[in-house]
Amino acid sequence: MIKINIDNRTVEVEKGTTIFHAAKKLGIEIPTLCYMNLGDLNIEHKPGGCRVCVVEVEGRRNLAPACATDCYEGMVVKTHSMRVLNARKTVLELILSDHPFDCLVCAKSGTCDLQDMAIKMGVRSIPFQGEKSTYKPDFSPAIIREMDKCIMCRRCETMCNDFQTVGVLSGIHRGFEAVVAPAFERDLDHSECTYCGQCVAVCPTGALVEVDHTTQLIRDLADTNKKVIVQTAPAVRAALGEAFGLEPGTLVTGKMVAALRRLGFDYVFDTDFAADLTIMEEGTELLDRLTRFLGGDKEVKLPMLTSCCPGWVNFFEYHFPDMRDIPSTARSPQQMFGSIAKTYFADKIETKREDMIVVSVMPCVAKKYECTRDEFAVDGNPDVDYSISTRELAMLIKRSNIDFNSLPEEDFDKPMGESTGAGVIFGATGGVIEAAVRSAYELHTKKQLEKIDFEQLRGLGGIRSASVDFDGVEIKIGIAHGLGNARKLLEDIKAGKSEYHAIEIMACPGGCIGGGGQPLHHGNPEIIKARQKAIYQEDAGKPIRKSHENPYIIKLYEEFLGEPMSEKAHHLLHTHYFDKKKKDILID
Amino acid sequence: MAKFKMHMLVCGGTGCRASASDMLYENLVKEVKENGLEDEVQVVTTGCFGFCEKGPIVKVIPDNTFYVSVEPGDAKDIIAEHAIKGRRVQRLLYVDPTNKEQIADSKGMGFYKKQIRIALRNCGMIDPENIEEYLAADGYEALGKVLTEMTPDEAIQEMIDSGLRGRGGGGFPTGVKWKLAAKEKADQKYVVCNADEGDPGAFMDRSILEGDPHTVLEAMVINGYCIGASKGLVYIRAEYPLAIYRLKIAIEQAREYGLLGNDILGTGFSFDVEIRYGAGAFVCGEETALIHSMEGERGEPTFKPPFPAQSGYLGKPTNVNNVETFANIPVIYNKGAKWFASIGTEKSTGTKVFALAGKINNVGLIEVPMGITLREVIFEVGGGIKDGKKFKAVQTGGPSGGCLTEKHLDTPIDFDNLLAVGSMMGSGGMIVMDEDDCMVAVAKFYLDFTVEESCGKCSPCRIGNKRLYELLDKITKGQADKEDMDNLRNLSYVIRDTSLCGLGQTSPNPVLSTMDNFLDEYMAHIEEGRCPSGVCKDLIRYEVIPENCVGCTACARNCPVNCIAGERKQLHIIDQALCIKCGACLEKCKFNAIAII
Amino acid sequence: MTKIKSLADLKKLKGDLQSKIALREKSDTPEGRVIVKVAMSTCGIASGAKDVMEYMIDEFEKRSIDAIVTQTGCIGYCYAEPTVEITLPGNEPVVYGYVDTRKADEIIEKYIKNQELVDGILPVNYQTIEKDKEE
């Protein structure tokens, strides 16, 4: 332990602690724009680039960045001397001098770290006038880059390169022209971007935001000729409350349903229903592969990888296209929902496909891209018309004069609003595989599970493994969240070193709860943990917790699909993958 | 053809010429003729002797007599006495200022030679593409000595004792740096030669690599032995093709002779060198940025610690030294730390190579002992200011340095003194400015460079330098007010105080030092809208002086925008609205009829 | 070339090379050869040192002068490039600056053939460490 003095107070810290953390121990919040530490998720970004966190260290010639400077015994630090305050404000003024002044119309207004900082520092004018960086905005199907607003914190780069190992975003050019961009300044659509949205999730300004579909949604809701149907992903209910000042981890399922109904949706359904359906298909596929494998079939592809996460699907299509026969062919819950909604349910309510609009509310930005995939459309009419993020939903609720917090709790509509606890846990890392295990176990062993909770599959470790006893057969399960972790597992498989039978992969930290479309965590990992807790809490409170016991799923198979993996199910609920490495990304 | 018995070398350097050496030459030739000595005595003019203070200079060969402060009228005596009677003209001999003794033979005048060549010892002496010439000049003997007679610790101690400090700019003691890397335990360590010379106008490292590549290789092997590294990398900018070519040849030859590779000189020690190319980013001269660049990452500095000695190339302990630093090393082992430490000053031992540039007569590469004054460098070695103009400032340390003035000329040059007066040693660029240079424009020039070369990682350097540049631009356009001066100063301090690496921490130096030393020039721009040096285009105009104009039309014919009107033999007039202030008219006018106002 | 196996080998080789060079140049004897070194660094080459070097090699052959022309690095007189150092047998080396082919011709005719100095000599204004050794 070493003792240091900060602002005339003494604190004892462990060797290797930075000034930033030592100060935090004393309740001193040193401001920063680039530093980010998502503790348990093993993401620490400390480039020491923004220089807002500078402090005065006695005996040191220049100011020290608190986020990157380690404490030493006897260190004397001043965090708000005149020299520090002046330098900090000047640095902020410099950043602002190269930033568009369009706060009033910026997508990030109100949740912008830079704006908060300007308020906190009391910036009233910018003494420096000069050239501003201007870039062509980049509109992709999911993410919009407006690099005029980039402050070069490079958090997006850390997420894209270190955490996701996608390697699309990196610093290019030098000096004043330096900016974060895909190689050769291509747009995202011509890069290997997976649209995971983690860059958006950590961007402190409006430089990286999701594509906005709310205007389209308002137009569709106003169209009386259209039946507008909404599905909401499991992770949304665990985070939406944050946008209305509720504690992170507050479950707002009922209020969310009420809000959606008030917004004017004709049917408020649940993606969890489709998650249960996914388990039926994916679980059956897993059982099928396992049975064949145990029967001695050498051709069978194991481990089977989950395929619910569109960022992950993009990832292996770009980076591991030769392994695209390994993931389950099951579509994601969002797409299964769309597919069933525009066939089975459309028939039920006697509505033509083209008169039905299926909207999804997702914690995700990659889902926006997934909707646009050609294979998920019939004659150009997409199964899911578009997807809005949790953030967009919150904005829409506010805009529509709905006092969210005083809404009553309401239930989803039937039939596609009925779901089990297994569907809910899709929202957290390990949840899909746990849901699959719950059903696969019972379907395989024909026995009732004694304990529904598979604690060994839960947690926040980047790569986790567990084994489940299937009545004498040991099933080895791997779980990864974050594409960098996924890459490790894939490389093991490629090298023939993988022992797993099934692997769940989610692109985002913590799974969908940490998705790129969620209310911003502003670098606080506790928020993601709280959401995770809420997900398992929702599961625990559900009367039915196994997908195959969902009565409406059972009914769906009886009335429409026949059985899992049937020809009809194949047609509507399964898909195939593409080798995108070959896609000519050089075309501009 | 006659065989001359005597040669008279008359200094034709600009400094001496300014004190009538050309007339002296003519008089000498006249005297030779008048005395009928055309077949015996030859008078020739030479380049600068580097002793301009005592010019004009005449050197007589073969007896090496050295005459100083020779006036045209002295020609008679020199011929009559020296050429005819063979007696030296005593009154023209140099008097040693310390013991008041006359020195006749220039061979005994070691002290007038301000330069000592250690790092450059072989440049211009040997064929850089032939290892045999290097070997004949004691090449690789230091390596042999270190490998066979010294332990790594002893060799490092020798380096520490020599007092050698890094020549790349920082001035960190080389031996101490080696000790840090030697201390680390690792399966692999690296020696890196920083040949990413980037200061504007600096070419010391390039010249060494082009002229004596083996010295760098030899030093790298020694370095490897001392710190326990078996691999060396030379990080060199790709725009130095000749240096790369010769370095490659040198590496091949050294391998062939067993001086690189396995079991060097039968000692069991193995070391090899590879070349890595830099794309020419200035910031890659910073060692962490350099390492990232070698790793294939974006060339950006990272926070230290960890220092490269702990975690450098590929995360392994790495020692980075600059080319010139390495070039000193074999000599230190050959001649001993004590010998090296006897040259220079107490805290800055040895010599420093400078690339002299700007408004100076002898633009070129010089190597001077530490402790020499700026005055000696500029007015003697450098031959003084071009065209007899007045000295105004000297910029040392490249874009990170400051502009020093008349009052600093007698400062002995070493690492600490230069820092103390607001500049720095830097890698050795030295740019001299005269009365025609506007110091605001000079500061702007350096900021332009920094803005280009900042990596863009940290905000103060990325945006701050741009804003500094814009403020300076505003001043040079006469659009700034006093508040801008306050902003300029505050911004300079903040950039210096908050930037991540040395580039940003020093980039305001040209601004601060010019503000400190030439505040009146700044104020003239701001308060009077006037550029005292007549440089800032927006603040000057070219006018025809009616009484001098003869109507020769030379200005009008040479004006690129045809903005000068006037008939032949009539007064010409410049249309100020169209004038682009290129200065062509001023240059072409033979009658002093164009003036900058 | 076989590898140098020890420090003793290295020293022996150095001695051999030095006498070989001395023999080649015969620099201390009046019947020795003329040694010409052309500064061929980037600054020299950019100012035309290559042409000068080629010219001199050709001319020595045409005019039957026994001379060795080698390249070397930058001597430091960048203001006066191209620079050429001429060592006549038994004489101190002389450096000429601003050498173009015309100047080279003058140097060959006047200095090399007749030991008549030519304008444009660059006086040596530095100490070398070898010199220091001798003193």
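Guide: Two strands count as paired if DSSP finds at least two bridges between them. In this predicted model, one such bridge links A:Phe470 to A:Val473, its partner in β21(A). The strands concerned are β20(A) and strand β21 (residues 473-481) of chain A, which are joined by 8 bridges and run antiparallel.

These two strands belong to an open sheet of 4 strands in chain A, whose order is β15-β22-β21-β20 and whose pairing is mixed. The edge positions are held by β15 (304-305) and β20 (463-470) of chain A; each has a single partner strand, so one side of each lacks a neighbour in the sheet. A helix also packs on this sheet: α15 (residues 483-494) of chain A touches β20, β21 and β22 (502-506) of chain A. The direction of helix α15 of chain A makes about 140° with that of β21(A).

The assignment for chain A lists domain 1 (2-121), domain 2 (138-210), domain 3 (217-273 + 332-412) and domain 4 (276-331 + 420-551). Between domain 1 of chain A and domain 4 of chain A, the C-alpha centres are 39 Å apart. Their contact draws 10 residues from domain 1 of chain A and 8 residues from domain 4 of chain A. On the domain 1 side of that contact, the element giving the most is strand β3 (residues 36-38) of chain A, with 3 residues. By class, this side of domain 1 of chain A comprises 4 nonpolar, 4 polar and 2 charged residues.

As for the chain as a whole, chain A contains 18 helices and 22 strands. Its radius of gyration is 25 Å, close to the 25 Å given by the globule rule for 588 residues, so chain A is as compact as a globular protein of that length. Along the principal axes, the C-alpha atoms of chain A fill a box of roughly 75 × 55 × 50 Å. Of the 588 residues in chain A, 55% are buried. Among contacts in chain A with a separation of 6 or more, 74% are between residues 24 or more positions apart.

Strand pairing also occurs between chains. Strand β7 (residues 115-117) of chain B and strand β6 (residues 126-128) of chain C run parallel and are joined by 3 bridges; B:Gln115 has C:Tyr126 as its bridge partner in β6(C). The contact between these chains takes 54 residues from chain B and 42 residues from chain C. The chain B side that touches chain C divides into 24 nonpolar, 17 polar and 13 charged residues.

How values were computed:
Residues numbered from 1 in each chain as written. Chains lettered and ligands numbered in written order. Predicted model: local features only at pLDDT ≥ 70, side-chain atom pairs only at ≥ 80, totals over all residues. Domains from an automatic or database assignment. Contact = placed C-beta atoms within 7 Å. Nonpolar A, V, L, I, M, F, W, Y, C, P; charged D, E, K, R; others polar. Axes fitted to C-alpha atoms, helices over the stretch in contact; angles between N-to-C directions. Rg over C-alpha atoms; globule rule 2.2 N^0.38 Å. Buried ≥ 20, exposed ≤ 12 C-beta atoms within 10 Å, placed from the backbone.
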